[in-house]
Amino acid sequence: MPVDSLVTGPTLTHRSQLLERLIDFEIEAGAEFVVQMHPGGYTLPEEWVWLPKSAREPESGIILINAEVKPAAPQPRMALLPPFPIETATESNSFDDLRGFISEPRTLGIILLRLGHFAVGIAEDGTLVTTKTGSRYVKGQHRKGGQSSNRFRRNREKWIRELFDQAGEIASSRFREYPGRIDHVVLGGDRVVLGQFLKRVRLPDDLPERVLPNRLPVDRPGRAALDSAVHDAWSFRVFEPVSG
C-alpha cells in the first residue's frame, strides 16, 4: 500500500484549533502521551515511516505525538510541521512544552508579492498592526516577434525591477521603523518571483536570516490577502495516520 494512503494531511490547522485538540488528547481515557519536539535535520524513527516525503525533512523541525495505551506498544497519533523553527529538542509526557511553543508571542514581517501587486504588513501575535499595499504595472504577454519582442522583454524586466524596488523599499522602511523586534519574515506569492525579489532587494539588519522557508499561497496581494496570510502564518501542517 502506498505510504500516502496511510496518512491524512497535511491539514492546515490554526494554533487556536490545535490548542483545543491538545485538550482532547489530555482527557482521552486510558491514554498517556509522549510529545517529542525536534529541530530541523531530525531523522524519523521507523514507526513514522507512513509520513509522506514532504514531511520527513522539514526545515523548521517536527513535532511527534505518540499515544501509550498499555499493554499495547506506543502508537503514532499526530505529526506537526510548525510554522516557526524549533530551536531545542525536547521530550515530555505532558503537552506543556508544546503548548508553550504554540502560544509563544511572536512578531512577523509579511511580504506578499505577485507580478503587478504587493502587500506588506507587520503582525504582533496574530494581529496586524501595520499594512501597506501597492501595485506596479507589469504587462504579462507580447505576441509579436523580432525587435518588438526584444523591446517588450527589456521593458518587462524594467517593470519587474521597479516593482521589486518599490515593494522592497516599503518593506524595509516599515520593518526598520517598527519599534520592537521582528522575529521572522514570512513571504507569500509565486515562489520564483519571491526568489528573484530576495536576490534584488536587501532587507534591513539581520532580517534576511530570519525569512521563514515556507511560502504562503496568495492569488492577489492586498489587505484581504494579508488577513489570510496572518491566519496561515500561525498555522501548523498536521498529519495523522489513517485509522482502521
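Modeller: The buried residues of α2 pack against α1 (15-26), β2 (32-38), β3 (62-68), β4 (75-81) and β11 (235-241). This is a predicted model, where local features need pLDDT of at least 70, side-chain atom pairs count only at pLDDT 80 or more, and totals for chains, interfaces and linings use all residues. Residues are numbered from 1 along each chain as its sequence is written, and side-chain values use heavy atoms, with hydrogens and water left out.

Biologist: Which residues of α2 are called buried, and what makes them so?

Modeller: In α2 (residues 96-103) they are L98, F101 and I102. Buried means under 20% relative accessible area, exposed over 50%, partly exposed in between (1.4 Å probe, protein chains only).

Biologist: How do you know on which side of α2 they sit?

Modeller: They cover an arc of only 95° around the axis, so they share the same side of α2. That arc is taken from the directions from the helix axis to the C-beta atoms.

Biologist: Now the open sheet, β8-β7-β6-β9-β10. Why do β8 and β10 stand at the edges?

Modeller: β8 (127-135) and β10 (211-216) each have a single partner strand, so one side of each lacks a neighbour in the sheet. Two strands pair if DSSP finds at least two bridges between them.

Biologist: What makes β9 and β10 a pair?

Modeller: β9 (residues 184-189) and β10 have 3 bridges, in the parallel sense, and at least two are needed, so they pair. V185 stands opposite V211 in β10.

Conventions. Helices (H or I, at least four residues) and strands (E, at least two) are DSSP runs, numbered from the N terminus. Contact means heavy atoms within 4.5 Å.
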